[in-house]
Amino acid sequence: MWYHKPVVNEELLQSLPNLKIVASSGVGIDHMDLKLLSRYGVKVSNTPFVVSSDTADLAMALMLASSRRLVEGYQMAVSPDTTYFPADWLAAEVTGATLGIVGMGSIGYKVAERAKAFEMKILYHNRNRRSKEEESAVGAIYCKKIDPLLQQSDFVLLSVTLTPQTHKLIGKKELEMMKPTATLINISRGLVVDQDALVEALQNQVIKAAALDVTYPEPLPRDHPLLKLKNVLITPHIGTATKKTRLLMMENMIESLQAGLTGLPIPHEVL
């Protein structure tokens, strides 16, 4: 499966009685019915580890571009109407700011490693707490509940898997907990955020800005209000989009397919 295609539903499974394995690109598995696949005896694999560095790089890029108003600055610099650069055009600092990471898996942790170089204070919320050694290595502070993270962070980064528990994890209540100067960054899945609540929060300056690599649907309808807001930066789900990583993803998928067809242990089996 590449970009969630083809859709693996009961009709497809019935038409492929000899199917042994489905190899899916990327780390997310929310697009697959694992119980249905299991019922047909079909194994599933993904490519969770090769995507971490590039996705973490993009998270930092979104944070920097949004905070420093890079798109607005570019538009000002190249506009035929620009005759001078205003002296009062100001952005927000990243160095020394507080970053709250929701989901400290492999991607979230790599973001923390990068954020440490920017001298950021790092808070994180995760189902399972990282070891003391891992926390110490990046200077991360664990928040058992998400509320204090939202209240204290200048940047809130979403890096969770989409599950029933994380569906619309960030809604009106959570957005209102955030600082009015805070930025929400989403590199996970669009449905982790209540998008209508986000639009309202951005329009009413409940939070300062949002930087999104993911939305729902993708792409957004061309008349969607998120596309009309100046305090929103949207990229087209490009967290893993580098030549090297996409090649490694394909290689991982082929390794899993070969193992599944020959009865060997599948390197990245989703259990």
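What radius of gyration would a compact globule with 271 residues have, and what does the protein chain have? The legends below take up this question and then turn to single residues.

**View 1. Overall dimensions of the protein chain in a predicted model.** A compact globule of 271 residues would have a radius of gyration near 18 Å, and the 20 Å of the protein chain agrees with this; the radius is taken over C-alpha atoms, and the globule rule is 2.2 Å times the number of residues to the power 0.38. Along the principal axes, the C-alpha atoms of the protein chain fill a box of roughly 65 × 50 × 35 Å. The model is predicted, so that local features need pLDDT of at least 70 and side-chain atom pairs count only at pLDDT 80 or more, whereas totals for chains, interfaces and linings use all residues. Residues are numbered from 1 along each chain as its sequence is written, and side-chain values use heavy atoms, with hydrogens and water left out.

View 2. Over residues 2-270, the chain is 36% helix and 13% strand, and the end C-alpha atoms lie 16 Å apart.

**View 3. Leu157 in strand S6.** Strand S6, made up of residues 155-158, holds Leu157, which is buried with a relative accessible area of 0%; buried means under 20% relative accessible area, exposed over 50%, and partly exposed in between, with a 1.4 Å probe and protein chains only. Leaving aside residues up to four places away in sequence, Leu157 touches Ala59, Leu99, Gly100, Ile101, Val102, Val111, Ile185 and Ile187, a contact being heavy atoms within 4.5 Å. Tyr124 is 33 residues from Leu157 in sequence, with 9.3 Å between their C-alpha atoms.

**View 4. Met177 in helix H8.** Helix H8 spans residues 172-177 and includes Met177. Not counting residues up to four places away in sequence, Met177 touches Asp147, Leu150 and Gln151. Leu149 is 28 residues from Met177 in sequence, and their C-alpha atoms are 9.3 Å apart in space.

**View 5. Burial and contacts across the protein chain.** Of the 271 residues in the protein chain, 45% are buried. Among contacts between residues at least 6 apart in sequence, 62% join residues at least 24 apart.

Notes. Helix = DSSP H or I, 4+ residues; strand = E, 2+ residues; numbered from the N terminus.
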